[in-house]
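Here are my notes on the model, as numbered points. Please read them with the structure open.

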Amino acid sequence: MHPDKCKQVAGLSCAERHAYFVRKVADTQEVWGLYQAGWATAQLEGKVAIPFWPEAAFAQACASGDWEHFQPRAIALGDFLHKWLPGMTGNGQLAFVFPVPQGSVSVAAPCDLLADLKEEAGQYE
């Protein structure tokens with residue numbers, strides 16, 4: 001990915017990054033997380049939040065601090081929609097949608113992210 005594109009997209013607002021995530025994931029059919037003997041997580045108000053990105057380069061940019069030894073790993077969109085998000089809902093977890101190193105993050109309930117992705121995917125059928 002061109003550095004200018006990375007910088008421009010990372011500079012979008014939370015809502016704009018969330019929309020970019022949904023469009024890009026529906027288009028590429030994959031979601032990216034950070035993995036190292038387990039998936040990267042964070043804590044938010046006593047709940048586990050799992051970060052997800054639309055492209056490997058954005059995930060790699062966040063592989064620092066607590067996640068410095070983690071590597072980007074793809075998740076097939078079908079698995080994400082049918083296994084991950086329902087499982088996260090059942091576990092009371094949250095989704096960090098497209099966090100960036102410097103900036104705020106969009107936090108979504110997995111059921112809301114599932115609805116957004118299904119709506120966007122419907123436009124590709």
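1. Start with Ala-37. At 76% relative accessibility, Ala-37 counts as exposed, because the cut-off for exposed is over 50%. Its place is the loop between S1 and strand S2 (42-44). The backbone deserves a look too: Ala-37 is not a glycine, yet its phi is positive, at about 60°. Bear in mind throughout that this is a predicted model.

2. Gln-29 also has a positive phi. The value is near 65°, again in a residue other than glycine. Most residues other than glycine have a negative phi. Gln-29 sits in the loop between H2 and S1. Is Gln-29 buried, partly exposed or exposed? With 44% relative accessibility, Gln-29 counts as partly exposed.

3. Next comes Glu-30, which belongs to strand S1 (residues 30-35). Glu-30 has a relative accessible area of 29% and is partly exposed. Its side chain makes a polar contact of 3.4 Å with the side chain of Trp-32. Which residues does Glu-30 touch, once those up to four places away in sequence are set aside? They are Val-25, Pro-54, Ala-74, Ile-75 and Leu-77. For a distance to check on screen, take Glu-30 and Leu-85. They are 55 residues apart along the chain, and their C-alpha atoms are separated by 14 Å.

4. Now the helix pairs. Two packed helices are described by the angle between their axes and the distance between the axes. For helix H4 (residues 77-91) and H5, the axes come within 8 Å and cross at roughly 155°. H4 is therefore roughly antiparallel to H5, since the angle is over 145 degrees. The crossing of H4 and H5 is left-handed.

5. Who makes the contact between H4 and H5? On the H4 side, the residues are Leu-77, Phe-80, Leu-81, Leu-85, Met-88 and Thr-89. On the H5 side, they are Pro-110, Cys-111, Leu-113, Leu-114 and Leu-117. How do the residues of this contact of H4 with H5 divide? There are 10 nonpolar, 1 polar and no charged residues.

6. The crossing of H2 and H5 is right-handed. H2 contributes His-18, Phe-21, Val-22, Arg-23, Val-25 and Ala-26 to the contact. H5 contributes Leu-113, Asp-116, Leu-117, Glu-120 and Ala-121. The contact of H2 with H5 divides into 7 nonpolar, 1 polar and 3 charged residues.

7. Last, Ser-106, in strand S6 (residues 106-108). Is Ser-106 buried or exposed? It counts as buried, because 13% relative accessibility is under 20%. A polar contact of 3.2 Å joins the side chain of Ser-106 to that of His-18. His-18 is also one of the H2 residues in the contact with H5. Leaving aside neighbours within four places in sequence, Ser-106 is in contact with Cys-14, His-18, Ala-95, Phe-96 and Val-97.

Technical notes
Residues are numbered from 1 along each chain as its sequence is written. This is a predicted model: local features need pLDDT of at least 70, side-chain atom pairs count only at pLDDT 80 or more; totals for chains, interfaces and linings use all residues. Side-chain values use heavy atoms; hydrogens and water are left out. A crossing is left-handed if the near helix is turned anticlockwise from the far one by less than a right angle, and right-handed if clockwise. Helices (H or I, at least four residues) and strands (E, at least two) are DSSP runs, numbered from the N terminus. Contact means heavy atoms within 4.5 Å. Ala, Val, Leu, Ile, Met, Phe, Trp, Tyr, Cys and Pro count as nonpolar, Asp, Glu, Lys and Arg as charged, and the others, Gly among them, as polar. Buried means under 20% relative accessible area, exposed over 50%, partly exposed in between (1.4 Å probe, protein chains only). A polar contact is a pair of N or O atoms within 3.5 Å; within protein, one must be able to donate a hydrogen and the other to accept it, and residues adjacent in sequence count only if both atoms are side-chain atoms. Axes are lines fitted to C-alpha atoms, for helices over the stretch in contact, and angles run from 0 to 180 degrees between N-to-C directions. Angles under 35 degrees count as roughly parallel, over 145 as roughly antiparallel, 65 to 115 as roughly perpendicular and the rest as oblique.
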